[in-house]
Amino acid sequence: MPPAALPPTLGAGSDLQDRISFPTFADCPQLGDAADARYFHRAGAYRRHWCFLGEVTRVSTFSRLVLDVVDTAAREGTRVACYDDDGGRSFLTGARPPRVGDTVAVLYAQTKAFLDGTIGIRVEDNRCIRFLPHRLLDLLAANDALWGPRPAICCVPDCGESEDLRRCSKCQLVRYCGAEHQSTDWAAHKGICRALPTLKIFTDRDWTTYNRRITFQ
Ligand SMILES: [Zn+2]
Ligand SMILES: [Zn+2]
């Protein structure tokens, strides 16, 4: 079976642990603050790409689409508010709608103070946001498995077998001594295994330079 699930390339800065490419809420630049030299040239033009990641804890579509999220630093209560001329409905059409437990990815996220005094991320371009059907912890664990060392032993803890290992046929990443340990480990592995192909939308790009705006379409 071909190793279809593994991202074929790992673009520069595409490790989700890269804190400049994937800033926490506190590390996102503030809207209108082009002095942030990590992200902007002096004239205000983008220097590189970046993306905020958070796990959705609440979805509100009351007056517009608003998501409450927990970020990669476990900061709770961050709001991602989606603005268009139609109460945020353009963010819900076509694609799978966001659910609690999804990870939301927002390209070029910038923070701003809303009228009610809270601080959040305002999204106006529906091509810059994507709802991923994975827990944030699963995405990060899949990322770490992809970027980290790949032990040449069965990945069930304390097994230690290094001969005749077989790869997980779905992700082609982790290896087992046999079917028994693969099925023992499935409960722990399945979240990572399913999240791994999704990482392609990040690893397919170079995040460290900027030629033109990227989108999730
Ligand atoms: Zn084993
Ligand atoms: Zn797998």
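A residue is called buried if 20 or more other C-beta atoms lie within 10 Å of its own, exposed if 12 or fewer do, and partly exposed in between, with C-beta atoms placed from the backbone. Arg-48, for instance, has 16 C-beta neighbours inside 10 Å and therefore counts as partly exposed.

The model is predicted: local features need pLDDT of at least 70 and side-chain atom pairs count only at pLDDT 80 or more, while totals for chains, interfaces and linings use all residues. Residues are numbered from 1 along each chain as its sequence is written, and chains are lettered from A and ligands numbered from 1 in the order in which they are written.

**Stop 1: the whole chain**

Select the entire protein chain and colour it by secondary structure. Helices (H or I, at least four residues) and strands (E, at least two) are DSSP runs, numbered from the N terminus. The chain holds three helices and nine strands, and their order along the sequence is β-β-β-β-β-β-β-α-β-β-α-α. The C-alpha trace spans about 60 × 40 × 30 Å along its principal axes. Of the 217 residues, 32% count as buried. Two residues are in contact if their C-beta atoms, placed from the backbone, lie within 7 Å. Among contacts between residues at least 6 apart in sequence, 66% join residues at least 24 apart.

**Stop 2: the segment before β1**

Select Arg-48, which is found in the segment before β1. Which residues does Arg-48 contact, leaving aside its neighbours within four places in sequence? They are Tyr-39, Trp-207, Thr-208, Thr-209 and Tyr-210. Arg-48 and Thr-208 are 160 residues apart along the chain, yet their C-alpha atoms are separated by 5.0 Å.

Next, select Leu-10, also placed in the segment before β1. Leu-10 has 14 other C-beta atoms within 10 Å and is therefore partly exposed. Its C-alpha atom is separated by 8.5 Å from that of Phe-202, 192 residues apart from it along the chain.

**Stop 3: strand β3**

Select residues 78–82, which form strand β3, and find Ala-81 there. Ala-81 counts as partly exposed because it has 19 C-beta neighbours inside 10 Å. Beyond four places in sequence, Ala-81 is in contact with Arg-64, Val-66, Phe-114, Gly-120 and Arg-122. From Ala-81 to Phe-114 the C-alpha distance is 9.5 Å, and the two are 33 residues apart in sequence.

**Stop 4: the largest nonpolar core**

In soluble globular proteins, nonpolar side chains tend to be buried together. A nonpolar core is here a set of buried Ala, Val, Leu, Ile, Met, Phe, Trp, Tyr and Cys residues joined through C-beta atoms within 7 Å. The largest such core has 43 residues, and those touching the most other members are Cys-51, Phe-52, Val-104, Val-106, Ala-142 and Leu-196. Two or more residues each come from β1 (51–60), β2 (65–71), β3, β4 (103–107), β6 (119–123), β7 (129–132), α1 (136–147) and α2 (179–195). The largest share, five residues, is from α1.

Select Phe-52 and display what surrounds it. Not counting residues up to four places away in sequence, Phe-52 touches Pro-23, Phe-25, Cys-28, Val-106, Ala-109 and Ile-121.

**Stop 5: helix α1 and its partner**

Select α1. The buried residues of α1 are Leu-136, Asp-138, Leu-139, Ala-142, Asn-143, Ala-145 and Leu-146, and they pack against β1, β4, β7 and α2.

How far apart are the axes of α1 and α2, and at what angle do the helices pack? The axes lie 8 Å apart, and the angle is about 80°. Such axes are lines fitted to C-alpha atoms, for helices over the stretch in contact, and angles run from 0 to 180 degrees between N-to-C directions. The angle makes α1 roughly perpendicular to α2; angles of 65 to 115 degrees count as roughly perpendicular, those under 35 as roughly parallel, those over 145 as roughly antiparallel and the rest as oblique. Asp-138, Leu-139, Ala-141, Ala-142 and Ala-145 of α1 meet Gly-191, Ile-192 and Ala-195 of α2.

**Stop 6: an annotated span**

Finally, select residues 156–193, where UniProt, in an unreviewed entry, places the feature "domain: MYND-type". UniProt positions follow the numbering used here, feature names are shortened, and annotations may be inferred rather than shown by experiment. The span is 39% helix and 11% strand, and its end C-alpha atoms lie 15 Å apart.

Within the loop between α1 and β8 (166–167), select Asp-158. Its phi is near 70°, a positive value in a residue other than glycine. Asp-158 counts as exposed because it has 5 C-beta neighbours inside 10 Å.
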